[in-house]
Amino acid sequence: MNTQSISLSFSPDITNEGDVPRNFSGVAYSGGLIPGYGWLGDVAIDLSSMQAPNKPVFALLNHDVEERVGKCEVRNTSMAIEVAGTFSQVTEAGQSVAAEFGEGAPWEFSVGLNSEIEQFSKPTEIVLNGRSLTVNAVFRNAKVREVSFVPAGADPNTKAVAFEQQSLFNTTELPMSEELNTKLESVNQLNADLQLKLAAMQADHAQVVEE
């Protein structure tokens, strides 16, 4: 098994008391299939082997340990990963994020995990988290790495909106080859050109409509 870091991002539920919320909660992972997780394919997290913190942990801002938004508990119910906490009323980060939530800002909450990977040679049906799943890989022995508020767009259709692959293995990052870097720059330039062309087309269309 290899070790990998993953991040579960979701839109939290906010409890308002007046204009500024005091509490937050949400389901980071509902125990089911995570489809199309990069090169691994369809994956799932083994909750029976996951280790949740046995005490409250800090909720950070953008993964910065100096920016503490509040505190929270990460619970493993054996069927889901749940997060529940309170905003700090004394830290600047806590006051700022809570106030922005009061204004409707679309902050998300991110729970980072370190986990071992069990990968199968072909899609395999297994019983995991109380249900039957067909997966290409399973994250086992997961441990909570950190929790953070992050300014990402939320998908309104699901609580667990993104599973962000941070590093393939827990090793030193390999440098990008010159050829790959050149291709990446070309793709970025092409994307920028397409954005300019799209903006020009939209402007022309708007002018035609006005005329």
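**Close-up views of side-chain contacts**

View A. The model is predicted, with local features needing pLDDT of at least 70 and side-chain atom pairs 80 or more, whereas totals for chains, interfaces and linings use all residues. Residues are numbered from 1 along each chain as its sequence is written, and side-chain values use heavy atoms, without hydrogens and water. Glu146 meets Arg145 in a salt bridge at 3.6 Å, N to O (side-chain nitrogen of Lys or Arg within 4 Å of a carboxyl oxygen of Asp or Glu), and Arg145 is partly exposed at 32%.

**View B. Arg140 and Asp46 form a salt bridge whose closest N and O atoms are 3.0 Å apart.** Because Arg140 lies in strand β9 (residues 131–150) and Asp46 in the loop between β4 (43–45) and β5 (57–61), the pair ties together parts that are 94 residues apart in sequence; strands (E, at least two residues) and helices (H or I, at least four) are DSSP runs, numbered from the N terminus. Both Arg140 and Asp46 are buried.

**View C. Glu82 and Arg75 meet through their side chains in a salt bridge of 4.0 Å, N to O.** Glu82 is partly exposed at 25% relative accessibility, and Arg75 is likewise partly exposed, at 36%.

Technical notes
Buried < 20%, exposed > 50% of the residue type's maximum accessible area, 1.4 Å probe, protein only.
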